[in-house]
There are 2 protein chains.
Amino acid sequence: MSSTEPLYFDVASTAPLHPVARQALAAALDEGWGDPARLYRSGRQARLLLDAARETVAELIGARPDEVSFTASGTQAVQLGLLGALRGRRRTGRHLVHSAVEHSSVLHTAERHEAEGGEVSVVPVDRGGRVVAERFAAAVRPDTALAVLQSANHEVGTVQPVAEVASLIGGVPLLVDAAQSIGRLPAPAGWSLLTASAHKWGGPPGVGVLAVRKGVRFNSALPADEREGGRVPGYVNVPAIVAAAAALRAVRGEAAAENARLHALVERIRARVPQLVPEVEVVGDPVRRLPHLVTFSCLYVDGEVLLTELDRAGIAVSSGSSCTSSTLTPSHVLAAMGVLTEGNVRLSLPTGTSEAQVDRFLSVLPEVVAAVRAPLGLDLTLPVGEPTAELVIDALGKRCPLPVIELAKRIGEVPPGGLVVVLADDEAARLDIPAWCEMREQSYEGEAPADAYGADRGFAYRVRRVS
Amino acid sequence: MSSTEPLYFDVASTAPLHPVARQALAAALDEGWGDPARLYRSGRQARLLLDAARETVAELIGARPDEVSFTASGTQAVQLGLLGALRGRRRTGRHLVHSAVEHSSVLHTAERHEAEGGEVSVVPVDRGGRVVAERFAAAVRPDTALAVLQSANHEVGTVQPVAEVASLIGGVPLLVDAAQSIGRLPAPAGWSLLTASAHKWGGPPGVGVLAVRKGVRFNSALPADEREGGRVPGYVNVPAIVAAAAALRAVRGEAAAENARLHALVERIRARVPQLVPEVEVVGDPVRRLPHLVTFSCLYVDGEVLLTELDRAGIAVSSGSSCTSSTLTPSHVLAAMGVLTEGNVRLSLPTGTSEAQVDRFLSVLPEVVAAVRAPLGLDLTLPVGEPTAELVIDALGKRCPLPVIELAKRIGEVPPGGLVVVLADDEAARLDIPAWCEMREQSYEGEAPADAYGADRGFAYRVRRVS
């Protein structure tokens with residue numbers, strides 16, 4: 001392995017095409033190019049290939065073939081699944097329950113449902129990003145049309161208690177977004193609708209899965225045609241579906257051995273990163289987690305800057321948060337967990353990742369983080385200055401992560417027991433200051449409007465120095 | 001060419017992958033597999049390829065790149081285009097105008113719009129399948145949110161007067177479904193929204209185009225994400241889009257020469273089929289037509305049976321109608337044109353089709369039609385029996401095409417000027433009997449409930465023998 005060989009650690013965004021998928025795609029472009037709705041030879045041939053692919057996927061997710069429809073993407077599967085189930089259960093009610101850490105496609109669809117008169121309950125998660133099954137079940141009501149819970153979280157890898165939730169919510173259909181897990185783990189028991197995305201398991205882009213259990217009421221949100229059981233309109237992409245099914249069979253065949261290997265590599269990253277980089281928080285459930293995914297947050301730096309610097313070093317990773325992204329919104333997942341939203345780095349390891357590759361990442365990361373932090377002039381031990389009992393830091397107009405940086409720089413100016421008040425109007429401060437306190441074991445004492453401190457806008461975040 | 005080489009004459013359903021598309025797909029799977037939303041190297045590379053593909057398609061359809069979004073299919077483009085434009089223009093009104101011969105994706109979406117409280121006007125077509133521009137424009141009202149007109153019809157190849165309609169309907173946005181023409185002809189002037197489907201021009205399946213002119217109000221019907229200008233949610237299929245754009249450039253480059261060649265071959269089919277096969281009607285506008293598509297209907301036979309027999313002879317064609325299909329609905333296009341809906345065969349010739357291939361089809365067709373007709377025991381000249389002034393044919397309970405077959409067999413039993421009354425309860429008779437009269441130059445005198453003839457159901461179709 002050359003030290004400049006690029007490293008791709010972002011399969012949670014998209015996985016490279018599996019060699020089996022590439023072969024299957026080439027073959028299916030030759031043999032399955034016909035319109036599967038037609039009765040002549042090339043059409044019948046395409047139909048046979050499509051049927052076989054459907055059987056493969058059905059078997060691997062634990063469904064009947066007629067329960068499986070193919071979509072054009074995971075997002076389309078989620079949207080059509082949610083909207084179709086909500087429409088199908090309209091007589092029962094218009095109440096939707098989902099966890100706070102679902103994929104944005106779920107959140108966007110729920111927002112649309114709410115805007116159109118539906119009601120939505122969001123179930124919180126613990127600091128590891130996991131819902132408590134009883135708490136999820138308690139959100140379900142007699143008028144609940146649908147519950148939605150991911151199999152595992154896409155940003156932090158935490159595996160959700162799907163089977164437990166399913167057993168507690170009785171007859172309410174449960175849509176399980178299995179996009180991040182289905183290439184590595186069997187589908188969890190208890191799903192009523194299941195969604196997934198082939199390009200995340202090594203299949204080609206352009207294929208999603210929407211499975212709907214027999215008996216679950218479903219009423220297509222889009223004008224249906226005769227295709228895909230009336231659940232997904234539009235021409236069916238047979239060659240890509242054939243390749244997707246072949247890839248799923250291949251990766252699931254490799255999963256047992258590969259999961260154990262990647263699990264150990266991730267364990268190594270989880271242990272080493274906090275030893276190598278100061279002021280880092282590894283987030284997500286340390287035990288009930290995906291084998292190949294790990295996320296950590298580095299205080300005082302912007303995730304996107306970190307990502308850019310790692311890319312310069314030939315390492316592709318993702319960031320669940322960024323203060324400089326177009327939306328200026330910190331990750332809703334990290335916010336719901338109450339962990340640090342700044343300086344976030346997600347690694348998701350592809351099949352075949354070697355220990356040497358992980359070690360190269362671990363050797364590069366400390367330098368990169370240090371270089372990004374250098375201009376901030378931070379002393380990463382708590383500074384001790386002339387102690388005063390109360391200190392007001394005016395960070396109004398300063399963008400995240402500056403308010404937290406100011407707090408970290410100056411908390412040493414008050415003695416233990418003293419109070420620091422940070423005035424800030426960047427929304428991210430509301431998440432980051434409590435998260436910083438949690439991590440640094442300082443005491444967060446809440447927020448108040450900043451006008452008590454003579455400011456015309458923003459909030460005053462109160463932090464009590466503990467040590 | 002061997003005489004058993006299979007002939008594929010159904011590119012209007014799906015075209016074989018163009019060699020250029022296959023090469024581009026393979027290259028883009030290598031170079032453009034990354035997530036184009038990511039900032040690291042493989043993501044940026046995918047984004048560059050996507051941008052270039054968008055520029056190519058924009059140039060070839062006469063749009064700006066930011067007006068072009070990629071969808072997963074032509075149907076998805078039509079659905080999202082229609083619904084998005086209707087939502088965007090809701091303040092203006094909820095009235096939708098479309099021609100009677102649009103693709104089923106338009107019809108289904110219009111039905112959904114109507115079911116949800118919208119209003120729909122359907123503009124009729126002439127016997128050639130063409131709308132009259134003034135008549136289309138007359139259907140537009142102050143509360144019309146959207147007008148929809150195909151560039152050319154998918155079943156009969158008739159080219160519509162899009163530019164003329166656009167110039168007559170003022171500020172009302174016009175959605176043009178260009179799926180059948182865009183691989184061969186420039187986009188017609190005057191579109192506000194344009195839709196197309198790559199697998200019909202030799203691109204891979206999984207790619208549609210939805211172009212929306214700057215300034216046209218659009219409000220996504222599905223929960224939007226940040227992708228494709230907020231018009232099409234879901235992961236973007238970069239490799240397929242790259243291949244689709246390459247194919248479009250290739251086929252449009254070949255179009256001038258290829259269109260002339262295929263136009264002549266279709267002209268040959270249009271002229272020869274009625275000479276070779278008795279009782280055939282070639283349908284669709286003979287002049288304002290797509291170069292490569294021709295449709296004809298054979299009296300007394302079922303289109304699907306014909307299709308099956310041609311397939312046995314190694315020839316793949318499509319049928320716009322079938323009495324034995326799962327829906328039992330005759331083609332809405334042929335019905336709107338008032339032409340025969342039975343025994344329908346559509347040929348759409350791929351690039352490179354040779355004269356020898358067309359001749360093979362012309363040599364096979366007469367035998368196939370004759371073989372299918374043989375068991376009916378028809379004498380295909382008008383029979384002359386013992387003349388009576390009025391004849392009642394009881395075809396109640398008989399499925400299409402039997403009522404027309406009975407009519408054809410027995411009309412000779414009345415003298416010229418005499419009346420034949422066909423009692424029938426198959427819905428298709430309502431279309432086929434008048435169409436048969438038009439074709440055979442007999443006089444259709446309308447329908448009445450069959451109870452006047454002692455029947456407990458169905459209708460009495462009155463035909464006056466002219467010759």
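## Close-up views of a predicted two-chain model

**View 1. Strand β7(B) is covered on both faces.** L193(B), T195(B) and S197(B) on one side, and L194(B) and A196(B) on the other, are all buried (under 20% relative accessible area, with exposed over 50% and partly exposed in between; 1.4 Å probe, protein chains only). Because five of the five residues of β7 (residues 193–197) of chain B are buried, the strand is largely enclosed by the rest of the structure. Strands (E, at least two residues) are DSSP runs, numbered from the N terminus. This is a predicted model, in which local features need pLDDT of at least 70, side-chain atom pairs count only at pLDDT 80 or more, and totals for chains, interfaces and linings use all residues. Side-chain values use heavy atoms, without hydrogens and water; residues are numbered from 1 along each chain as its sequence is written, with chains lettered from A and ligands numbered from 1 in the order written.

**View 2. Strand β7(B) pairs with β6(B) and with β8(B).** Pairing requires at least two DSSP bridges between two strands. Strand β6 (residues 174–177) of chain B is parallel to β7(B), with three bridges, and L175(B) lies opposite L193(B). Strand β8 (residues 208–212) of chain B runs antiparallel to β7(B) and is joined by five bridges; S197(B) has G208(B) as its bridge partner.

**View 3. C437(A) is a buried cysteine.** Its relative accessibility is 1%. Under the disulfide criterion (cysteine sulfur atoms within 2.5 Å), the count over all chains is zero.

Technical notes:
Helices (H or I, at least four residues) and strands (E, at least two) are DSSP runs, numbered from the N terminus.
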